[in-house]
Amino acid sequence: MKPPVSWWWTALVGLVTLATLPFAGHWIRGDDRPRCRWDGLVIEAAFRVRTGDTSGASSGFCDVGCARSWIGRHPSATRKILVTDEDSGELIDAREAFFVRSSIITNRVTGNRWHVFRNRDRAEQHARESRGRLMVGSDHPFPPSEESP
Amino acid sequence: MIVNAYAVLAAFVSLLQFAIGLLVISSSFGRRRVTPARAAFDAENRPYLLLLLSFLLLGLNLASWPLLYALLQSYVPSWPDVMCIYGVTRIGAGSVGSARHLPWLLATVQCTKPLLVFLGGGWFVLYLANRATQTAPLMSRLLTGLLPLGLVSVADALCVGSYLAIPKQEKSLSVGCCTSAIADQSRFLPESLLGAGSHTWLTVSVVVVVGGIGLGLLTAIRHGYHHRRFLTGLLAGTLVAMPLGGLFLVEIASPALLQRPHHCPYDLVSEVPESVLAVGLFTLGCFSVGWAAVVGWLGHVEETQSVLPPLIGRLLFLGLFGFLGSMIMFILEFFLS
């Protein structure tokens with residue numbers, strides 16, 4: 001049985017309608033806020049982490065935990081890691097930062113308990129006040145082997 | 001047991017599926033045990049009740065498929081580590097309590113739902129072929145076909161009911177050990193099934209297979225090739241396309257559309273909802289070819305010889321529309337991502 005011409009026209013209209021849906025979806029979801037490369041959450045400026053890879057591209061993450069998960073999957077691609085100092089909100093090199101893992105959760109979804117400070121005294125103070133621990137040496141979230149020069 | 005609106009609705013639908021499935025099974029068996037005195041009466045009346053029950057069962061089975069995913073999505077906020085439906089499907093893995101049954105129950109249900117829709121659709125197209133005849137020569141096959149439909153419906157309803165009833169509190173042997181608990185969180189992240197090196201051949205395979213099926217369907221529709229050998233070839237292609245399509249969705253489409261390294265098709269439900277329609281169209285394409293093959297094989301009697309070609313033609317046309325629609329949507333989604 002050969003289908004009548006009207007079927008082909010109906011199918012064509014249907015396909016054109018379907019083809020508009022991806023555009024409509026992207027337009028509705030249009031959101032310029034930067035999102036985490038690992039879990040898609042909107043990145044909060046106070047806890048953001050940025051990594052640069054060998055191709056020159058950079059990736060943003062909502063916290064240290066997400067960045068660690070990403071780097072764990074792409075260890076050779078990561079060249080530079082920038083973390084945010086919680087006090088000033090400025091991005092600093094992860095090698096110069098002090099990391100504290102404390103009882104204070106910064107994000108309920110990810111359960112992040114990593115806190116970043118530029119100043120060692122502030123990091124130790126936060127650790128004391130929030131039942132945390134300064135993470136150095138093997139506890140450092142981004143040990144030197146993960147940060148290729 | 002987590003009680004919310006979706007859980008109550010799913011429990012109600014499962015209860016109906018179970019009750020009607022049992023009725024269909026018993027009626028399907030009962031028609032073989034009628035006494036001669038009642039035979040004429042039963043032959044006249046019993047099929048109508050059975051057919052009405054079957055339509056209701058078909059509707060319930062169809063509705064319960066999206067309802068399952070709506071239920072699982074509603075469970076996501078119940079655990080702090082779970083971020084999508086995939087995490088919900090892993091709850092209970094490694095547990096020593098009754099929750100250890102949750103993963104396999106969900107895996108079973110995720111297989112029985114599409115199976116029910118396919119069986120129901122196959123039964124329905126057979127019904128359409130039978131209805132177009134004068135003497136209903138396919139009635140016996142229709143009534144026999146209700147038996148597997150009823151059995152799978154009952155099994156599916158039991159699995160969903162058990163899943164809903166089992167407390168979703170994990171009892172792990174490693175409770176109390178922070179290290180184990182943290183390491184165990186990786187189970188909530190879906191991994192790649194094939195590895196990074198497989199993307200090129202997988203994409204090429206999907207394009208070749210789906211393109212081949214599309215051309216085959218177009219040829220069958222335009223030249224009226226509805227004989228069983230051609231349908232078998234199309235069905236074989238579809239059987240290859242289904243697992244390939246699933247792999248493509250997990251390995252390539254999900255990470256690309258989500259723009260993150262998650263091989264999780266479940267995330268698409270909440271984040272790129274229109275892509276679920278593309279997946280649905282692909283499934284429709286596969287199922288339509290299957291239904292055309294079912295009606296071509298099981299509906300082939302002398303009286304249906306004039307009925308089958310237009311019916312098979314419509315199903316193949318629907319299949320072509322499903323495959324084309326799915327491909328167009330995926331290509332555009334990739335382009336926009």
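This is a predicted model: local features need pLDDT of at least 70, side-chain atom pairs count only at pLDDT 80 or more; totals for chains, interfaces and linings use all residues.
In chain B, the axes of α10(B) and α11(B) come within 8 Å of each other and cross at roughly 160 degrees, and because of that angle α10(B) counts as roughly antiparallel to α11(B). Chain B has 11 helices and zero strands, and it is divided into domain 1 (5-180) and domain 2 (190-336).

**Overall make-up of chain B**

- Read from the N terminus on, the elements of chain B run α-α-α-α-α-α-α-α-α-α-α, in keeping with a count of 11 helices and zero strands.
- Of the 337 residues in chain B, 38% are buried.
- When contacts in chain B between residues at least 6 apart in sequence are considered, 77% of them join residues at least 24 apart.

**Helix packing around α10(B)**

- The crossing in which α10(B) passes α11(B) is left-handed, and the residues in the contact of these two helices comprise 18 nonpolar, eight polar and one charged.
- Helix α8 of chain B, which covers residues 228-258, also packs with α10(B): their axes come within 9 Å and cross at roughly 165 degrees, and since angles over 145 degrees count as roughly antiparallel, α8(B) is roughly antiparallel to α10(B).
- The crossing of α8(B) and α10(B) is left-handed.
- On the α8(B) side, the residues that meet α10(B) include Leu231(B), Leu234(B), Leu235(B), Met242(B) and Leu249(B), while those contributed by α10(B) include Val279(B), Phe282(B), Val289(B) and Trp297(B).
- By class, the contact of α8(B) with α10(B) has 14 nonpolar, six polar and one charged residues.

**Contact between the two domains of chain B**

- Across the boundary between the domains of chain B, 19 residues of domain 1 are in contact with 20 residues of domain 2.
- On the domain 1 side of this contact, α2 (36-75), α3 (85-90) and α4 of chain B each supply at least two residues, and α4(B) gives the most, with seven residues.
- The residues on that domain 1 side divide into 12 nonpolar, six polar and one charged.

**Thr108(B) in helix α4**

- Thr108(B) lies in helix α4 of chain B, which spans residues 102-131.
- With 17 other C-beta atoms within 10 Å, Thr108(B) is partly exposed, because a residue needs 20 or more such atoms to be buried and 12 or fewer to be exposed.
- Thr108(B) and Ala155(B) stand 47 residues apart along the chain, and their C-alpha atoms are separated by 9.4 Å.

**Contact between chain B and chain A**

- Between the two chains, 25 residues of chain B are in contact with 20 residues of chain A.
- The side of chain B that touches chain A draws at least two residues from each of α7 (199-223), α10 (273-298) and α11 (308-336), and α11(B) gives the most to it, with 12 residues.
- By class, the residues on this side of chain B are 17 nonpolar, three polar and five charged.

**Domains of chain A**

- Chain A is divided into domain 1 (1-30) and domain 2 (45-146).
- The centres of domain 1 and domain 2 of chain A, taken over C-alpha atoms, are separated by 47 Å.

Definitions and conventions: Residues are numbered from 1 along each chain as its sequence is written. Chains are lettered from A and ligands numbered from 1 in the order in which they are written. Helices (H or I, at least four residues) and strands (E, at least two) are DSSP runs, numbered from the N terminus. Two residues are in contact if their C-beta atoms, placed from the backbone, lie within 7 Å. Ala, Val, Leu, Ile, Met, Phe, Trp, Tyr, Cys and Pro count as nonpolar, Asp, Glu, Lys and Arg as charged, and the others, Gly among them, as polar. Axes are lines fitted to C-alpha atoms, for helices over the stretch in contact, and angles run from 0 to 180 degrees between N-to-C directions. Angles under 35 degrees count as roughly parallel, over 145 as roughly antiparallel, 65 to 115 as roughly perpendicular and the rest as oblique. A crossing is left-handed if the near helix is turned anticlockwise from the far one by less than a right angle, and right-handed if clockwise. Domain bounds come from an automatic or database domain assignment.
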